[in-house]
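Hi everyone, thanks for coming. I'd like to walk you through one protein model today, so please have a look at the picture before I start talking.

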Amino acid sequence: MAFQSIRQFYVEIPPVTRFYTTACVLTTLVVHLDIVSPLQLYFNPTLILRKLQLWRLATTFLFFGSSVGITFFFNIVFTYRYCRMLEEGSFRGRSSDFVTMFLFGAALMTFFGMFVNLLFLGQAFTLMLVYVWSRRNPGVRMNFFGVMNFQAPYLPWVLLCCSMILGNTIWVDIIGMGVGHIYYFLEDVFPFQRNGYKFLKTPNFLKLLFNEHIDRNYQPLPEDRPGGFNWGGDEGQPPPDNNNAEEGALNAEVARDPQQDHNQRDIPAAVVN
């Protein structure tokens, strides 16, 4: 019975989130069991270009540490939580677009990673997911260790401050937030400006892969467009386009389980390690 419950829970996870988190867990396990060495996984442009070790382009995003401990657990939970909320929220029914975001973010992080000498980019990738989710859900209230309340758009900055306090490199957070902001601007801001257009196009083969209908003239309804955050406005006034059902469900989720929020706030220290 327990196995069936676990299996049902696993099957109900959205496909992209299920594949990515499973790949992260399996990659860490094979390293922990000494089947593979981290030296075979880290990002190395020289080995990729000269020796064609192309798998490093993927494994750099899948490895979160050689030890299966509390830090790894928090990293995986943090990644799983925000990846799933994105796929079930603003990317509901659009898994192909979600994969496009993955590919776009990975390509930019790989480029920036060559200049800051980061060996593994998984934590930066998680920060990108957090940034995009936070900008698309500006009305969600969050809690930090039970002592500080803030709205979701401030979450990436809280994580950045945690990195600085702990003395960790902040390049992980900067690259993750930077790539997340580039995607958010190109996808949610620029297309709706005067003379703007949709820069990122999802390849048709991805839509066919996920059995999604191809509509070349699709334009999202106003209520389906992600809302912005009124940084300088009154907290009492809700930001525009923030009354959709998906954000309401997320608000309910955050308010429903305070203990889960406290546990979630413990994750930043793990993410930025």
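**A walk along the helices**

Let's begin with helix H6, which runs over residues 95–116. It has 22 residues, and from its first C-alpha to its last it reaches 31 Å, close to the 32 Å expected at 1.5 Å a residue. Please keep in mind that this is a predicted model.

What happens to the backbone just after H6? There, Asn-117 takes a positive phi of about 60°, although Asn-117 is not a glycine. For background, most residues other than glycine have a negative phi. Asn-117 sits in the loop between H6 and H7, and with 64% relative accessibility it counts as exposed.

There is another residue of this kind to point out. Asn-195, also not a glycine, has a positive phi near 65°. You can find Asn-195 in the loop between helix H9 (171–189) and helix H10 (204–209), and its relative accessible area of 70% makes it exposed.

Is H7 buried or exposed? Of its 15 residues, 15 are buried, so H7 is largely enclosed by the rest of the structure.

Let me step back for the whole chain. It has 13 helices and 2 strands. Of its 273 residues, 45% are buried. If you take the contacts with a separation of 6 or more, residues 24 or more positions apart account for 69% of them. The accessible surface comes to about 14,900 Å², and 62% of that belongs to carbon and sulfur atoms.

Back to H6 for a moment, to look at Val-99, which lies in that helix. Val-99 has a relative accessible area of 17%; the cut-off for buried is under 20%, so Val-99 is buried. Which residues does Val-99 touch, leaving out those up to four places away in sequence? They are Val-16, Leu-206 and Phe-210. As for Glu-87, it is 12 residues from Val-99 in sequence, and their C-alpha atoms are 9.8 Å apart in space.

Next, the charged pairs. As a reminder, side chains of opposite charge can pair when their charged atoms come close. The structure holds 5 salt bridges, and I'll show you some of them.

In one, the side chains of Asp-97 and Arg-94 meet at 2.7 Å, N to O. Asp-97 is buried, at 13% relative accessibility, while Arg-94 is partly exposed, at 24%. Asp-97 also forms a salt bridge with Lys-207, with the closest N and O atoms 3.8 Å apart. Lys-207 lies in helix H10 and Asp-97 in helix H6, so this pair ties together parts that are 110 residues apart in sequence. Lys-207 counts as buried too, at 16% relative accessibility.

Another salt bridge brings together the side chains of Lys-198 and Glu-187, at 2.4 Å, N to O. Lys-198 is in the loop between H9 and H10 and Glu-187 is in helix H9, so the pair ties together parts 11 residues apart in sequence. Lys-198 is partly exposed, at 36% relative accessibility, whereas Glu-187 is buried, at 12%. And what do shared partners do for Arg-94, Asp-97 and Lys-207? Salt bridges join these residues into one network.

Let's turn to some polar contacts. Asn-44 is in the loop between helix H2 (15–32) and helix H3 (45–50), and it is buried, with a relative accessible area of 15%. Its side chain makes a polar contact of 3.0 Å with the side chain of Tyr-42. A polar atom of the Asn-44 side chain also lies 3.2 Å from the backbone nitrogen of Leu-47.

Inside helix H2 itself you'll find Thr-28, buried at 0% relative accessibility. The Thr-28 side chain reaches the backbone oxygen of Cys-24 at 3.1 Å.

Leu-57 belongs to helix H4, residues 56–59, and counts as partly exposed, at 37% relative accessibility.

How values were computed: Residues numbered from 1 in each chain as written. Predicted model: local features only at pLDDT ≥ 70, side-chain atom pairs only at ≥ 80, totals over all residues. Heavy atoms only, no water. Helix = DSSP H or I, 4+ residues; strand = E, 2+ residues; numbered from the N terminus. Expected span 1.5 Å × (residues − 1). Buried < 20%, exposed > 50% of the residue type's maximum accessible area, 1.4 Å probe, protein only. Contact = heavy atoms within 4.5 Å. Polar contact = N/O pair within 3.5 Å; in protein donor to acceptor, adjacent residues only side chain to side chain. Areas by Shrake-Rupley, 256 points an atom, 1.4 Å probe, with all protein chains shown as cover. Salt bridge = Lys/Arg side-chain N within 4 Å of Asp/Glu carboxyl O.
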